[in-house]
Amino acid sequence: MPEPHAPTPAGDPTGAPAIELVDVVKRFGATTVLDGLSFAVAKGERVALIGPSGSGKTTILRLLMTLEEADGGFLYVDGEPYTHEVRDGRRVPIPEKRRRRVRRRVGMVFQQFNLFPNMTVLGNIIEAPVHALGLAREEAVARADRLLEQVGMADKRDARPTALSGGQQQRVAIARALAMDPEILLLDEVTSALDPELVVDVLEVLRTLAETTDLTMLIVTHEMQFARDVSHRVLMFDRGRIVEEADPETMFTAPTHVRTQAFLKAVLG
Amino acid sequence: MPDNLQSLVDALPRLGEGVVVTLQLTLGGAALAFVLAVALGLAARARSLWLRTPTRVVVEFFRGTSLVVQLFWLFYVLPVFGFRLESMAVGIVALGLNYGAYGSEVVRGSLNAVPVGQWEATKALSLGPVHRVRRVILPQAWALMIPLLTNLLIQLLKGSALATYILLHDVNYEIGQLRIATRDTFFSYAVGLLVYFALAYVLTLGMNALEVRAKRRVGAGPTLREVVRLAPVPTSVGAGAA
């Protein structure tokens, strides 16, 4: 397991952070969700984002997946401008073609799974590797089988998503994201839509994943124990700002900020 | 009445030919309408204003002008500009344009009804814009749009009766001939009602079968075989979905 380490500055070709946000602004109508947010995530680092609902955590993941467009600021992946860059002193959007190249390194698992109901479990997993990465079908199937084994869903290979429980669907969704061999994995409240008894299996899969890979992970979660177990660093968000940043041990045992203390008290009881 | 029946029996071969003409118009018009509906329905969702604006204009124009007037334009006015189409071609083109415009709204609405999470998942998986629509979104939208397309198909069938006015010998025309032969208005138009009803019913059954299959493909509902047999639907279908 890589040691928690401070993110390296952008622009350095050898040690560029996996993810860097600089002065990111995001508004929804009149509401400003993120107001000049900056932070970086080092390669292989696992960062948990915690905080009350509506504090902008999910928006950060959606910006990184380009499902939302930032109103200001810059996103970098491996030091490379992702959605906007400065040209002639102005902030200009980067064309879709270049974004697509960067986007391939980023994978996401959604709260609502979003499996394709018109395909089998296997079909869901091989669709993108075959059609977006250009992998040979046999190779994609072999990869899918390996991943299904890993998430404990090998026996449901030919099932339809609608015939699976939420927890099973989410494990397939994790395998589907991993089949694209991403460098960065975004986990958006992946257990929030699950019945309590199904949460354990999904978290177990993710724990193993964290222990056995050097994937950079950005984890939005309400499962504090999970955040504590798998992350190198925890960011506490409130109203679109990082109010506290610490290693998990410190964050969960000795939070300093009053907002963090109140939040943890509310969720941990 | 026996005279009428005799006239009907005599008229059957011609009525049959009328049914063939009506079916050609209906199926040809529906095929063209479907292609247009999908193309216009997709274009209506495009981000580019250069694509969306002309699409809107085309849809509003063909939806907002009378089918009869469109038929007459294609049949009587276009030849003035040196562009002559056969009656059957005119009928198919007019029905296709008119119902394609209506259908495009059905397609657009069904595409919008596919959960936004499905679009987002395709983006997160780096699937290209064409691929995501063809492989993921359309199959799901298809299951949603069939009942509405069925309505349009039935309307198109009945709308095809206007083809009589561009000199086609469709069911409507042959019913008129039957009326002349029998001099019995009630009888001949009763036959007319029944023939159109039977055609509409067959089309409905076909579309219902398509709907069952499409739903099955997105993992919802029983198989077609189960529906046809009216066998009890196994409870395992769709169960366990959280």
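Trainee: How many bridges join strand 1 of chain A to strand 2 of chain A?

Mentor: Please bear in mind that this is a predicted model. Strand 1 of chain A covers residues 19-28 and runs antiparallel to strand 2 of chain A. Within this pair, A:Val25 stands opposite A:Asp35 of strand 2. The number of bridges joining the two strands is eight.

Trainee: Which strands of chain A stand at the edges of the open sheet?

Mentor: The sheet has four strands in the order 2-1-4-5, with antiparallel pairing.

Trainee: At what angle does helix 1 of chain A run to strand 1 of chain A?

Mentor: Helix 1 of chain A comprises residues 57-64. This helix lies across strand 1, strand 2 and strand 4 (72-77) of chain A. Its angle to strand 1 of chain A is about 110°.

Trainee: Is helix 5 of chain B roughly parallel or antiparallel to helix 6 of chain B?

Mentor: Helix 5 (residues 116-124) and helix 6 (residues 129-159) of chain B pack at about 165°, with their axes 11 Å apart. Angles over 145 degrees count as roughly antiparallel. Helix 5 of chain B is therefore, relative to helix 6 of chain B, roughly antiparallel.

Trainee: Which residues of helix 6 of chain B meet helix 5 of chain B?

Mentor: The crossing of these two helices is right-handed. By class, their contact has four nonpolar, three polar and two charged residues. Helix 5 of chain B contributes B:Gln118, B:Trp119, B:Thr122 and B:Lys123. From helix 6 of chain B, the residues are B:Arg132, B:Val133, B:Val136, B:Ile137 and B:Gln140.

Technical notes
Residues are numbered from 1 along each chain as its sequence is written. Chains are lettered from A and ligands numbered from 1 in the order in which they are written. This is a predicted model: local features need pLDDT of at least 70, side-chain atom pairs count only at pLDDT 80 or more; totals for chains, interfaces and linings use all residues. Side-chain values use heavy atoms; hydrogens and water are left out. Axes are lines fitted to C-alpha atoms, for helices over the stretch in contact, and angles run from 0 to 180 degrees between N-to-C directions. Angles under 35 degrees count as roughly parallel, over 145 as roughly antiparallel, 65 to 115 as roughly perpendicular and the rest as oblique. A crossing is left-handed if the near helix is turned anticlockwise from the far one by less than a right angle, and right-handed if clockwise. Contact means heavy atoms within 4.5 Å. Ala, Val, Leu, Ile, Met, Phe, Trp, Tyr, Cys and Pro count as nonpolar, Asp, Glu, Lys and Arg as charged, and the others, Gly among them, as polar. Two strands pair if DSSP finds at least two bridges between them.
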